[in-house]
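Subject: Structure for your files

Dear colleague,

Please find the structure below, with notes on what came out of it.

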Amino acid sequence: APKLSKITKGNIMLSVSSTGIIEPKKIVEIKSKASGEVIGVYFEEGDFVKKGDLLIELDPDDEERNLLKAGAGLSEAEANLAIAKSRFEIEKSNYANSVSSVKASFNSARANLEDAESKFLRNKQLFENNLISKEELENSKKNFINAQAQFEQAKADDVNLTAKQKNVDISQSNIKTAEASYLKAKLALEDAKERKTETKIYSTLDGVIISSQVSTGQIVSSATSNVGGGSLLMSIADVSEIYVVADIDESDIGQ
């Protein structure tokens, strides 16, 4: 006899067995911005940590020395900036004084030359007419020659003003260089202060430590100053969500 059964609505499920890997939501690599010797490791692989937990502590001596060096560098840069500004003021003052002095000397030398030339020419005519002695003529000629030499020197001093102006420009440029060095040293000091506080390394998330590559006494390098990216200290997995990566046979997929 036929079997009778009540029709119901439901889900048809097919189970498939496979092997795979459980993956966390994300994995975070913990590195240090500071460098130095590890003096404390407070968690091991498999431990659950919360955001803000102290994971690792470094000896602060290295970063303390770097901080002192950065402070000395800033003081030196500040002193160099003050010297550059002082030299600029001196060069500017020297140039202004030279301009005033040279212009006055140039005008005076030109007037003396014109006067000496006029006297020499006049005495030359007087001598030709036997109205003055040869000695007077020679004296006026000597004065004329001296006045020419003084005028040529005054012209040379006027040309040298260009070199003095260049000194002013160079000293002004040195101020900009010193200001840049001062700013660089100031930033270096701020970085050193920050590195000093970063000798204590805290967890940045809630999760499970899945690997630890550091132990007490080990020397670690900074992740910010090392071209290789610094030492990897720990890896923490966020397990608030997980998923499985597995291979499924095509014949099972078809079903």
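A residue is called buried when its relative accessible area is under 20%, exposed when it is over 50%, and partly exposed in between, using a 1.4 Å probe and protein chains only. On that basis, 25% of the 255 residues of the protein count as buried.

Some notes on the source. This is a predicted model, in which local features need pLDDT of at least 70 and side-chain atom pairs count only at pLDDT 80 or more, while totals for chains, interfaces and linings use all residues. Residues are numbered from 1 along each chain as its sequence is written, and side-chain values use heavy atoms, with hydrogens and water left out.

Overall layout. The protein has three helices and eight strands, where helices (H or I, at least four residues) and strands (E, at least two) are DSSP runs numbered from the N terminus. Their order from the N terminus is β-β-β-β-α-α-β-β-β-β-α. The protein is more spread out than a compact globule, because its radius of gyration is 44 Å, well over the 18 Å that the globule rule gives for 255 residues. That radius is taken over C-alpha atoms, and the rule is 2.2 Å times the number of residues to the power 0.38. The C-alpha trace spans about 170 × 50 × 25 Å along its principal axes.

Contacts. With contact meaning heavy atoms within 4.5 Å, 83% of the contacts with a separation of 6 or more are between residues 24 or more positions apart.

Helices 1 and 2. Helix 1 covers 61-128 and helix 2 covers 134-197, and N130 lies in the loop between them. N130 has a positive phi of about 60°, although it is not a glycine. N130 counts as exposed, at 69% relative accessibility. K142, in helix 2, also counts as exposed, at 51%. The C-alpha atoms of K142 and A116 are separated by 9.1 Å, and the two are 26 residues apart along the chain.

Strand 6. S211 sits in this strand, which runs over residues 207-212. Its relative accessibility is 16%, so S211 counts as buried. The side chain of S211 makes a polar contact of 3.2 Å with that of Q213; such a contact is a pair of N or O atoms within 3.5 Å, and within protein one must be able to donate a hydrogen and the other to accept it, with residues adjacent in sequence counting only if both atoms are side-chain atoms. Apart from neighbours within four places in sequence, S211 is in contact with E45, M234 and S235.

Regards
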